[in-house]
Amino acid sequence: MRLGILISGRGSNFEAISNAITQGKLDAEIAIVISNRAGAGGLEIARERGIPLRVIPSQGIDREQYDKLLIEELRTHRVELVCLAGFMRLLSASFVHAFPNRVLNIHPSLLPAFPGLDAQRQALDYGVKIAGCTVHFVDEFLDAGPILLQSAVPVTDKDSIETLSARILAQEHATYWRAVQAVADGRVSISGRKIAISEPE
Ligand code: GRF
């Protein structure tokens with residue numbers, strides 16, 4: 001399965017997916033990494049690994065127009081599954097319709113709790129005892145599409161934003177590629193909001 005990975009920053013989730021491929025755990029190929037920010041750290045990782053990359057700056061372009069550019073680039077690289085990995089933009093309905101049930105996102109909370117920015121801070125401030133991450137299909141709403149996989153982590157009294165974020169991030173890295181593999185294997189069935197994933201053969 002040909003992946004298109006969209007990033008805006010550090011790129012550690014992209015790196016974890018790339019590692020899973022290199023280690024032979026994930027049967028997929030990264031066709032293109034696209035960043036909307038020229039300074040995204042993830043671009044350096046792509047460069048070092050010889051993975052095709054492209055910067056498409058988003059500043060000053062309206063959403064529909066920007067998403068058209070994205071779709072064009074993804075189609076040029078024959079992308080079959082789009083993975084948002086720290087991509088800090090909402091996608092338009094036209095984008096979502098261009099890749100029906102083929103856009104994934106990872107979010108650092110157990111959705112539907114704490115959507116949006118600073119999810120780890122929201123969780124700490126709320127006082128939850130269990131936090132985690134969610135891989136979900138993307139629709140045109142923020143952190144809202146059907147849920148594929150979630151992983152939980154405990155929150156301790158001593159946690160800071162940094163320690164909790166690091167614990168969640170480790171789970172993100174262990175979880176995202178599994179969701180990608182389930183889609184790539186055709187093991188995912190969707191009925192409304194509910195997703196069933198069958199065991200690998
Ligand atoms: C991750 O916490 C991810 O869940 C969220 O943005 C962060 C991206 O981190 N959507 P990285 O760029 O993958 O390191």
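Among contacts between residues at least 6 apart in sequence, what percentage join residues at least 24 apart? After that, please look closely at Ser151 in strand E7.

Reply: This is a predicted model, in which local features need pLDDT of at least 70 and side-chain atom pairs count only at pLDDT 80 or more, while totals for chains, interfaces and linings use all residues. Residues are numbered from 1 along each chain as its sequence is written, and side-chain values use heavy atoms, with hydrogens and water left out.

To your question: 63% of the contacts between residues at least 6 apart in sequence join residues at least 24 apart, where contact means heavy atoms within 4.5 Å. The chain has 6 helices and 9 strands, these being DSSP runs (H or I of at least four residues for helices, E of at least two for strands) numbered from the N terminus. For its 201 residues, a compact globule would have a radius of gyration near 17 Å, and the 16 Å of the chain agrees with that; the radius is taken over C-alpha atoms, and the globule rule is 2.2 Å times the number of residues to the power 0.38. Of these residues, 48% count as buried, meaning under 20% relative accessible area, with exposed being over 50% and partly exposed in between (1.4 Å probe, protein chains only).

Ser151 is found in strand E7, which covers residues 147–154, and it counts as buried because its relative accessible area is 13%. Its side chain makes a polar contact of 2.8 Å with the side chain of Thr175, a polar contact being a pair of N or O atoms within 3.5 Å; within protein, one must be able to donate a hydrogen and the other to accept it, and residues adjacent in sequence count only if both atoms are side-chain atoms. If neighbours within four places in sequence are left aside, Ser151 is in contact with Leu110, Ala131, Gly132, Cys133, Gln171 and Thr175.

Cys133 and Thr175 are 42 residues apart along the chain, yet their C-alpha atoms are separated by 8.4 Å.
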